[in-house]
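Please consult the sequence and the coordinates alongside the text.

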Amino acid sequence: MSDVWWKNAVFYQIYPRSFADSNGDGVGDLGGVREKLGYLELLGIDAIWLSPVMKSPMADHGYDVSDPRAIDPLFGDLDVMNALIDEAHARDIKVTMDLVPNHSSDQHPWFVAALAAEPGSPERNRYIFRDGRGADGSEPPNNWPSIFGGPAWTRVRESNGSLGQWYLHIFAAEQPDLNWNNPEVSEDLATTLRFWLDRGVDGFRIDVAHGMAKPAGLPDMELEHNALMKNDDNDPRFNNDAVHDIHRGIRKVVDEYENATTVGEIWVQDNVRFSEYIRADELHLGFNFRLAEAEFDAAAIREAVTNSLDAVALVDGTPTWTLSNHDVVREVSRYGGGARGTARARAMILLELALPGAVFIYNGAELGLPNVELPDDALQDPVWERSGHTERGRDGCRVPLPWEGPTPPFGFSTSAKTWLPIPAEWASLTVEQQLEDVDSMLSLYRSAFELRALRPEFDGSGLDWYGSPPGCLAFRRRGGLICALNATDVPIPLPPGELLMASAPLVDGQLPADAAAWLV
């Protein structure tokens with residue numbers, strides 16, 4: 001790979017508790033990832049991104065970290081992680097991992113010390129503690145809500161037993177926000193970065209990369225538009241200018257290591273402000289969710305692609321593309337479910353892989369897994385409890401992967417009781433079944449990855465749009481690849497060229513409904 005391997009890499013996101021279980025406790029782990037490296041090599045991906053595996057009480061499935069320089073026992077230990085890194089590298093697969101710099105766990109030694117210390121102490125200054133409003137300090141310091149619902153502030157009992165200060169948590173109460181104005185916080189993150197990079201980790205996906213920095217004085221926010229799990233560009237909790245100094249500091253450390261990379265989770269709609277995060281001295285890549293948010297509609301998809309390319313062009317950056325992750329409904333279900341949803345998901349992976357830049361695939365997308373409607377008593381997402389059972393949460397896209405055999409748990413675990421139940425109707429979607437079927441979703445992904453890696457027509461950073469029938473789109477990469485998508489209900493003529501592959505068999509030489517094709 002070139003020295004900028006990440007510019008056109010296929011990253012495969014592993015949600016560790018749902019990928020493969022090596023110790024029979026019903027929860028996926030790093031040993032399971034190690035055992036499946038052969039599968040990942042066969043699939044043809046370039047890098048894995050591990051969702052959080054650091055030590056955590058799991059109040060938010062690992063996004064509440066109590067020790068960022070240790071592996072949680074649920075997933076294994078440092079020895080397993082070291083072996084995984086070495087064995088992945090031996091198969092030419094890079095390893096990136098999740099990093100959570102906006103907040104820690106409430107069980108992090110720092111926060112435990114902060115609770116035991118006095119107001120105004122150095123221990124409290126690592127977090128955001130404030131006196132309450134009102135005569136007796138019984139009102140939160142400002143009106144900010146938590147992303148998970150309820151206020152973003154929790155009041156603590158002081159050492160003398162009285163109710164005292166409040167601490168800020170933009171997410172759950174178990175996830176106190178760190179004070180990024182305190183140099184100790186950035187020094188500790190630098191220690192964490194080097195700890196993992198020294199072990200051979202190839203980079204990080206940075207959670208809430210538009211967070212960390214807070215506005216001076218923590219002013220009240222406009223609450224009209226607030227919604228659970230969402231934020232807009234005028235939200236004072238996020239996207240404050242000082243965040244860019246934080247990213248420059250992270251980049252300086254990462255640049256000490258050859259070929260290491262960073263990708264930020266950036267929920268910023270405005271293209272200029274988004275582009276600022278991927279300037280030459282900040283993040284290497286920024287997650288762009290526009291394609292995942294687009295309906296299966298030619299105009300919406302073209303708008304998402306154009307917008308994404310425009311955003312990175314402002315700073316000569318590299319675009320990123322994704323259709324799903326651990327927080328969104330799986331694409332087969334999003335595009336209508338059943339045969340039609342599957343056909344559209346097949347079309348969209350060809351469209352996505354035809355675009356210039358880096359691609360992120362969520363584990364199980366290559367199997368065409370749908371979202372699962374789970375019974376209430378199976379739900380594990382903290383959102384379900386925190387919302388008073390009004391928001392079902394994200395468990396439907398986190399059901400463990402089916403590997404082999406005719407019945408659950410399909411080789412995911414030796415335990416029949418998996419952390420989320422696997423539906424019996426996934427028997428036809430197992431890796432074992434799909435590897436033997438040349439027309440399966442898995443076979444489509446493997447062929448597409450291989451062609452993308454080998455063919456020179458996929459070169460070049462730009463693309464040009466072709467004229468195409470209403471409800472369809474077509475573009476040409478500068479290297480010569482043509483991609484056509486039919487989002488209508490009837491077959492359409494293909495653009496001129498030699499057919500490389502299509503997401504569905506042609507009908508009398510035409511591209512069928514809900515299908516895409518590559519031509520050269």
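Helix α6 passes helix α7 in a right-handed crossing, a term that applies if the near helix is turned clockwise from the far one by less than a right angle, anticlockwise being left-handed. The structure is a predicted model, in which local features need pLDDT of at least 70 and side-chain atom pairs count only at pLDDT 80 or more, while totals for chains, interfaces and linings use all residues. Residues are numbered from 1 along each chain as its sequence is written, and side-chain values use heavy atoms, leaving out hydrogens and water.

Helices (H or I, at least four residues) and strands (E, at least two) are DSSP runs, numbered from the N terminus. Helix α6 (residues 183-198) packs against helix α7 (residues 243-254) at an angle of about 30°, and their axes are 10 Å apart. The angle therefore makes α6 roughly parallel to α7, the class for angles under 35 degrees. Axes are lines fitted to C-alpha atoms, for helices over the stretch in contact, and angles run from 0 to 180 degrees between N-to-C directions.

Contact means heavy atoms within 4.5 Å. From α6, Leu189, Ala190, Leu193, Arg194 and Leu197 meet Ile250, Val253 and Val254 of α7. The residues of this contact comprise 7 nonpolar, no polar and 1 charged.

Strands β9 (residues 203-206) and β10 (residues 261-264) run parallel and are joined by 4 bridges. Ile206 stands opposite Gly264 in β10.

Thr262 lies in strand β10. Thr262 counts as buried because its relative accessibility is 2%, buried meaning under 20% relative accessible area (1.4 Å probe, protein chains only). Not counting residues up to four places away in sequence, Thr262 touches Phe204, Ile206, Ile250, Val254, Glu282, Leu283, His284 and Leu285.

Ser440 is placed in the loop between α14 (431-435) and α15 (441-454). Ser440 is likewise buried, with a relative accessible area of 5%. With residues up to four places away in sequence not counted, Ser440 touches Arg346 and Gln434.

Key
Parallel < 35°, antiparallel > 145°, perpendicular 65-115°, else oblique. Nonpolar A, V, L, I, M, F, W, Y, C, P; charged D, E, K, R; others polar. Pairing = 2+ DSSP bridges. Buried < 20%, exposed > 50% of the residue type's maximum accessible area, 1.4 Å probe, protein only.
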